[in-house]
Amino acid sequence: MEKYKVKFIPDNLTVSVEKDKTILAAAISAGIYINSNCGGDGICGRCKVMVQHGQVNSQPNGIITAQERKENIYLACLTTVHSDLDVLIPDSSRINFDKLTPEELEERLSGLYSKAEDVLTVKPKFDDKVFKHSPFATKIYLELPAPTLNDSISDLERLYRALRKFGEFPVIETGLFNIRQLGELLRDYDWKVTVTLGRRDEIVEIVLIEPGDTTGRNFGLCFDIGTTTISGQLVNLNSKKILGTKAAYNQQAAFGSDVITRIVYAAKSDGLEKLHNAVSDTMNQIIKDLVSAHKVDLNNVNCIVCSGNTTMVHLFLNMDPSHIRRQPYVPTANFIPVLRAAEAGININPRGLLNCVPGVSSYVGGDTTAGILSSGIYQKEDPCILIDIGTNGEIVLGNRDFLVACAASAGPAFEGIDLLSEMLKAGIIDRAGKIKAQGKRIRSTDNGKEFVICFKEEIQAQADIVINEADIENLKRSKGAIYSACSILVKHLNLEFTDIHKIFIAGGFGTYLDIEKAIGIGLLPDLPRSKFIFIGNSSLAGAREVLLSSQAKSMADALALKITYFELSVNPGYMEEYSQALFFPHTDLTKFPTVRF
Amino acid sequence: METQLVLEKWPGVISAVSIGALKDEGGSRSSVVKIGGQTTMPLLFKDGNIPHKPKIAFEIWDIAPLDFDEELTSAYGKAINDPFTWAEICVKDYKAELLCLKMQGTHPDFGDKTPQEAAKFVSTLLNRFKTPLIIIGSGDDAKDNLIMPACSEAAKGERCLIGCAVQENYKTLVASALADGHNIIAESPIDINIAKQLNILISDMGFNLERIVVNPTIGALGYGLEYAYSIMERARLAALSGDKTLASPFICFVGQEAWRTKEAKANPQQGIMWETLTAASLIQSGADLLVMRHPKAVEKVKNHIETLFKK
């Protein structure tokens, strides 16, 4: 096979690729991430690049204009390499994972995913049922009596005997790796060792045996694997203290912006592998940053708990997700047994354990289970709603007696809520989301009208900042999906919105969401504002609880079995509800009595 | 023993819309056509008040029709080639109470008449005939936005019914109707939610809800009539239950839908019956205004209405 050198500018990175590979594939192999919302299908038009030198072969498409063709601009996903190339990737086509400094990224994401401390402070006090502190990995320091003729049980049984003084461990398992080194280790270090115990439900496993007392150094990680953002926390398992939180964009974004595009991508050759690597790379980078910032030895990180939607967990574990997308929408697994983190490509202690919070169905995943756990709605007497507003929205309605969950895919569109609300108020758009005002900030384009928020001169930017009718339509559909899903769930259980005790808003936009505006555009039901509680990243908080308490883990397992999945798409009333919600705030204005424009 | 009728009383009332303005009202029409105003479901005379019968408008075009069936064309003879003679036959021979003028000749593909030409046509028609008038555009949004304000202005004060406003394109038409004192047709694609949303959007512009006539979009007999039927019925139930944003009378473009069917084209008599039966069914679901094409079908439907409303 012929190979060509492709040089990317201005990165000045050169990769060698086979003939007929796409420029997009070449860029990914060079570690440069180009926007590709559609996953390389030539639909989204976000991956424009300029070929400055060399021969390419490009499939015709309706996205590149004649002018752009003259300037040798191509879609990276539809253009293949036919000679050595120099390719310029403009900023507008990049996913800027690294463009922001860590501090800037932290700041941007801190709003999206509130810090754990914040979550804790706003977390409502329920029955104060606190889970007992019994972390996923526990370190126990043992000083064993040396064997004598009268006490001549084996080294391993001696270890077990000592361990059982610390708790009821019906079954203790040890890997051959540890047994092999046991005899020498005990004798070399005067029978003084620290044992790291990992929990696999009823079974405890001796993960690691170290010389001396290392009990002070016992750390774990919890992760929320989101479609758009991945966030992780480093936790001191002894003190329960959160040492640090870090978030980064999921590098899978290079293969599509929503789960469906990624499932489709996973079916391509090496697709699953690439998606898996993208998520584990993102996580390993977060882990690396966290441990170095807090001066923790990677070997003292003994366990990790992840929660994510079902597709993300499949991709993370390199499991085929293709049936999630196909009727009857069955995942490979909802409950994943405790694994070794290394099996999933996660770099912590090589023998460290990995647990994934169990999911409910293809479209209600472990992140929802974790959210229910951390919000505590499963303990409430009156029905509550938990809305996880993210790329994949999930809604749970329930209390201590029942839990019903549904998925309402919202898409990455909620950044515009404030803007939209103000545009409605100012009369720039009508209730259907069409731009009705006129003036120098309103322009007509091929994609409908657009409103210029900032001219580039006003902010010294390279381009004007605009919102167009298609963007508004997206947001209208997203808010319609969330509202109508809530509405259908409430109706399905023969309740009214007024019966709802509290509405917990989790995830994505949590802390930045202005309740008044969210109700004003019809995203959230028009209820007394005191009923709404922001709980930040409830998925991460739930994963942390599972990390810190085996009771919480058992509860999460029980919850995942208890949740009833409600499929909206087969509900005959859903389309009706949805189309009613495609209006600001709603077609039935009586449902929003306090909203005035 | 006499059977007791179960009567239903509704809190809502359908808007009463008057089309055409007399001299003392600032217009020059010889009559006014009134529709709507009912307080009950269709034809349930005992339940409430039904002040006006359903009305029929003759559809005419500003150019010789291009795709009319032979049977339709022959009903008017050569007259159909001249819009004014065509209108004259409708008014003189068939006693049309209402004319529905479709400005098809302004469509970029069918003549592309200028706004000035369109306005001139409308004022000539209004001068020659004193029948109340419905004016609708050619359906090309961009062009309608140019010609409808001109037509509206030419008919200023005549209290016409002008249309069709759609969700993607309603502002120009509403502004014109507001300025020139017309009623407006709000068209939605067999969708009760969009019908309601559009009414809200129009009233958000300061237009009186009670001057909107809803075109729910219909299908002819065998071509989705039942969808239109149930949408109209649901809208009416909501309106009578008190939803003011849905309390508009209905206009149904029966002729254009019925004569599109292959059954109508296959056999002339069948075409007339297709139009008649489509209209008769829609009267049952609450149509207030029927826009029709064939004079024989109009005659049959008129007789049918008289029978239905015989006290």
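## Two helices of chain A

In this predicted model, A:G542, A:E545, A:V546 and A:L548 of helix α16(A) meet A:A552, A:K553 and A:A556 of helix α17(A). Here, two residues are in contact if their C-beta atoms, placed from the backbone, lie within 7 Å. The contact of α16(A) with α17(A) divides into four nonpolar, one polar and two charged residues. Nonpolar covers Ala, Val, Leu, Ile, Met, Phe, Trp, Tyr, Cys and Pro; charged covers Asp, Glu, Lys and Arg; the others, Gly among them, are polar.

Helix α16 spans residues 538–548 of chain A and helix α17 spans residues 550–562; their axes come within 5 Å and cross at roughly 125°. Axes are lines fitted to C-alpha atoms, for helices over the stretch in contact, with angles from 0 to 180 degrees between N-to-C directions. The two helices are therefore oblique to each other (under 35 degrees is roughly parallel, over 145 roughly antiparallel, 65 to 115 roughly perpendicular, and the rest oblique).

## Numbering and confidence

Residues are numbered from 1 along each chain as its sequence is written, and chains are lettered from A and ligands numbered from 1 in the order in which they are written. Local features need pLDDT of at least 70 and side-chain atom pairs count only at pLDDT 80 or more, while totals for chains, interfaces and linings use all residues. Helices (H or I, at least four residues) and strands (E, at least two) are DSSP runs, numbered from the N terminus.

## Strands of chain A

Strand β17 (residues 353–356) of chain A is covered on both faces: A:L353 and A:N355 on one side, and A:L354 and A:C356 on the other, are all buried. Buried means that 20 or more other C-beta atoms lie within 10 Å of the residue's own, all placed from the backbone.

Strands pair if DSSP finds at least two bridges between them. β17(A) pairs with strand β15 (residues 301–308) in the parallel sense over four bridges, and A:I304 stands opposite A:L354. With strand β16 (residues 339–340), β17(A) pairs in the antiparallel sense over two bridges; A:L353 is the bridge partner of A:R340.

A:T245 lies in strand β14 (residues 242–249) of chain A. A:T245 is buried, with 26 other C-beta atoms within 10 Å.

## Contact between the chains

Chain B gives nine residues to the contact and chain A eight. On the side of chain B, helix α6 (residues 192–204) supplies the largest share, six residues. That side has two nonpolar, three polar and four charged residues.

Technical notes: Buried ≥ 20, exposed ≤ 12 C-beta atoms within 10 Å, placed from the backbone.
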